[in-house]
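Q: Could you walk me through this structure, one feature at a time, and show me how to read each of them?

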Amino acid sequence: MTEEAFDVMVVGSCMTDLVSQAPRLPKAGETIHGQKFFIGFGGKGGNQCIQAARLGAKTAMVGKVGKDFFGENYIQNFKDNGVNTDFVEQTSDAATGAASIIVNDAGENAIVIVAGANMLLSSEELQKVLPAISCSKVLVCQLEISPETSLQALRMARENKVKTIFNPAPAIPDLDPDFYKVSDVFCCNESEAELLTGSSVANVEEAHRAGQELLKRGCGSVIITLGPQGCVVLKAEESNSKHVPTTKVTAVDTTGAGDSFIGSLAFYMAHYPTMPLEEIARRANQVAVVSVQTIGTQTSFPFKQDLPAELF
């Protein structure tokens, strides 16, 4: 085990993406022809970790994969992207997580995930990672692993003054209220914000209102992403929320755009700790915009050298 200090640690999921491209999403009971099929690396945790690493953050992943072909490949994928894998365990008790994804011609997607080995990352195993978490700069968690494990990781980070980013995805309606209290940045998209607040989030105005409701629950700050409308940023210590627009582009495949945004957020928070959150969000938007212009999830995530110098 290594005791080096990481910029970003991600405690979360690794999934193998099984992607079909089709003209449209099929209806129930319908079989349609697609144009293309490929296998990729995904899972919200792995995605966010890879994007942070590609921007130049020293990253480590904490997760669980199966002792199978997909698991071996995923660990190699992390290594190829410069991510530390000391805390990625393999288990014989479940298969590596998998996601079946259909992407239509408009770049919209429908996804079924089977979490598999991801759900076996336990509190006991997390305890072994505490020394590394406690000396990292930013910790990122989501909900594709056991929520109890995510909550424990966030608590461990907060107790050691490590900045936390929590992405409540996929959203669950009965989210433990403690998640809000341990989130320095609580970052969700419009559908997740709707599920958590019980009110519509279809535009910037509604996102402001939802963000204020989430702030009341104890988060340090809230970011609600709105796809082509950019995002809104709210901070506990400021009464007004800020809308951060994004560049208009033609989206080819939006899969993983939110993960690109969060991985970028983690990179900027680690590397520019005094940068205002709305400026961090503006830059993260610019990175995510690049990702939607290429097919695939991690394959669409840009490297530092692919991006304008003014983002760094």
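Predicted model: local features only at pLDDT ≥ 70, side-chain atom pairs only at ≥ 80, totals over all residues.

Q: Which residues of helix 3 and helix 4 meet?

A: From helix 3 come S123, L126, Q127, L130 and I133, and they meet T149, Q152, A153, M156 and A157 of helix 4. Sorted by class, the residues of this contact are six nonpolar, four polar and no charged.

Q: Let me try another pair. At what angle do the axes of helix 1 and helix 2 cross?

A: The axes of helix 1 (residues 44–54) and helix 2 (residues 69–80) cross at roughly 20° and come within 10 Å. That makes helix 1 roughly parallel to helix 2. This crossing is left-handed. On the helix 1 side you will find G46, N47, C49 and I50, which meet Y74, N77 and F78 in helix 2. The contact of helix 1 with helix 2 has four nonpolar, three polar and no charged residues.

Q: Now a single residue. Is N104 buried or exposed?

A: For this you look at relative accessible area, where under 20% means buried. N104 has 10% relative accessibility, so N104 counts as buried. You can find N104 in the loop between strand 6 (97–103) and strand 7 (109–114).

Q: Which backbone nitrogens lie by the polar side-chain atoms of N104?

A: Here the idea is to check distances between N and O atoms, with 3.5 Å as the cut-off for a polar contact. The backbone nitrogen of A106 is 3.0 Å from a polar atom of the N104 side chain, and for the backbone nitrogen of E108 the distance is 2.9 Å. Setting aside residues up to four places away in sequence, N104 also touches A22, P23, R24 and L25.

Q: What does the setting of V222 look like, and which residues does V222 contact?

A: V222 sits in strand 11 (residues 221–225). With 0% relative accessibility, V222 counts as buried. Leaving out neighbours within four places in sequence, V222 is in contact with F186, G211, L214, L215, V232, V233 and L234. For a sense of scale, the C-alpha atoms of V222 and A193 are separated by 10 Å, and these two residues are 29 residues apart along the chain.

Q: What should I look for in the backbone itself?

A: Now look at K161, a residue other than glycine whose phi is positive, near 60°. K161 lies in the loop between helix 4 and strand 9. K161 is exposed, with a relative accessible area of 78%.

Q: And which peptide bond is cis?

A: The bond from A169 to P170 is cis, and its omega is near -5°. P170 is in the loop between strand 9 (163–166) and helix 5 (178–181).

Methods: Residues numbered from 1 in each chain as written. Heavy atoms only, no water. Contact = heavy atoms within 4.5 Å. Helix = DSSP H or I, 4+ residues; strand = E, 2+ residues; numbered from the N terminus. Nonpolar A, V, L, I, M, F, W, Y, C, P; charged D, E, K, R; others polar. Axes fitted to C-alpha atoms, helices over the stretch in contact; angles between N-to-C directions. Parallel < 35°, antiparallel > 145°, perpendicular 65-115°, else oblique. Left-handed = near helix turned anticlockwise from the far one by under 90°. Buried < 20%, exposed > 50% of the residue type's maximum accessible area, 1.4 Å probe, protein only. Polar contact = N/O pair within 3.5 Å; in protein donor to acceptor, adjacent residues only side chain to side chain.
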